[in-house]
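Please look at the sequence and the model before reading on.

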Amino acid sequence: MASLRHALIRSFLIKRGPDETTKRLLTLSSALNSELRQKQIDLLSKYPGGCVDLEKNDKTGIAVLTLNNPTKKNALTGSMMIDFEKRVEDLESWEKGRGVIFKGSGNTFCSGADLNVARAVGEGKDSGHPSLMSSFMQNITSRFFNLPLITVALVEGAALGGGAELVTCCDFRVVSSSANIGFVQARMGLSPGWGGGVRLVNLLGRLKALQLLSSASIIKGFEAQEIGLADEIFGEFDDSLETATSFLTNYTKFAPDVIKAMKRVVINASRSDMQSVETLNTKETQIFQSLCGGLANLEALNKKSKF
């Protein structure tokens, strides 16, 4: 991959003027991005199963995005990651949208990456598979995080590993008192790879993020609320979707263009941090790749149990 990049750069830049060089650099960047994306799709499409569903209500302006792989606690397969991208693209262009509830089917949120995907990515370390999967998911979760819509994670059951990372890409979190949230990547010999490490530090601060990551502890809903990871808690006898909808309605009462403007104000206010976040995400991918497929990771995978 590196040799191809160098060859392309040399062929594009030799004996070019400044204006022509800029144009060709843009073309080169587009070509390399297209090549990277094709590699990502080729890898992820090999691992089917489950789906990501989207229901949009134009009248209320509220959509429900559902991870649907209940027999595996909504673990993300490769095809689900591709589905996730398509649903985000749909939401990005939803003119009547105000907000999104992000949840899992079967009364659980998400247990991270499917073991088949995790194993294949680890075994393909020399081919750059960890980086391909990590950068793909970082891009999608960042786009979801920056949707011009108010987003709420509805967390029931388990939100573990990559599932906990997905919780951080929402504006708010409505959490069951009995939910289990854990950044348990260390138990798998890994580090966060879907952008959740960067977002967790921004959300909770350095110390609390480090405590959760390095201990790989699993916390309940009320503890999540105490440390700032949950915005509202509901009980086991409450209607979870109704609770999340009621919470979200507090922030989606106005016209779609007004709601989107408010979200864009917030996004714009943090724009100065976006360049550093992109750089930090790249570093997070490098750290993830250094562990993925390593001894501790392979030993955990060979146990055929994630947590």
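Helices (H or I, at least four residues) and strands (E, at least two) are DSSP runs, numbered from the N terminus. The model is predicted: local features need pLDDT of at least 70, side-chain atom pairs count only at pLDDT 80 or more, and totals for chains, interfaces and linings use all residues. Residues are numbered from 1 along each chain as its sequence is written, and side-chain values use heavy atoms, without hydrogens and water.

The chain contains 13 helices and 9 strands. Among its 307 residues, 48% are buried, that is, under 20% relative accessible area with a 1.4 Å probe, protein chains only.

One of the helices, H11 (residues 256-269), includes Val-265. Val-265 also belongs, with Phe-254, Val-258 and Met-262, to a nonpolar surface patch of about 390 Å².

The structure holds 1 cavity of 30 Å³ or more; a cavity is a set of points on a 1 Å grid over the protein atoms alone where a 1.4 Å probe fits but cannot get out.

H4 gives the most to the lining of the largest cavity, with 3 residues.

Terms used
Patches are made of residues with over 30% relative accessible area and no salt bridge: like charges are joined within 9 Å, nonpolar side chains (Val, Leu, Ile, Met, Phe, Trp, Tyr) within 5 Å. Accessible areas come from the Shrake-Rupley method with a 1.4 Å probe; for residues, only the protein chains shown count as cover. A salt bridge is a side-chain nitrogen of Lys or Arg within 4 Å of a carboxyl oxygen of Asp or Glu. Buried means under 20% relative accessible area, exposed over 50%, partly exposed in between (1.4 Å probe, protein chains only). On a 1 Å grid over the protein atoms alone, a cavity is a set of points where a 1.4 Å probe fits but cannot get out, and a pocket is an open set with protein on both sides within 12 Å along at least five of seven lines; lining residues have an atom within 4 Å of a point. Grid points are joined across faces, edges and corners, and a volume is the space filled by probe spheres set on the points.
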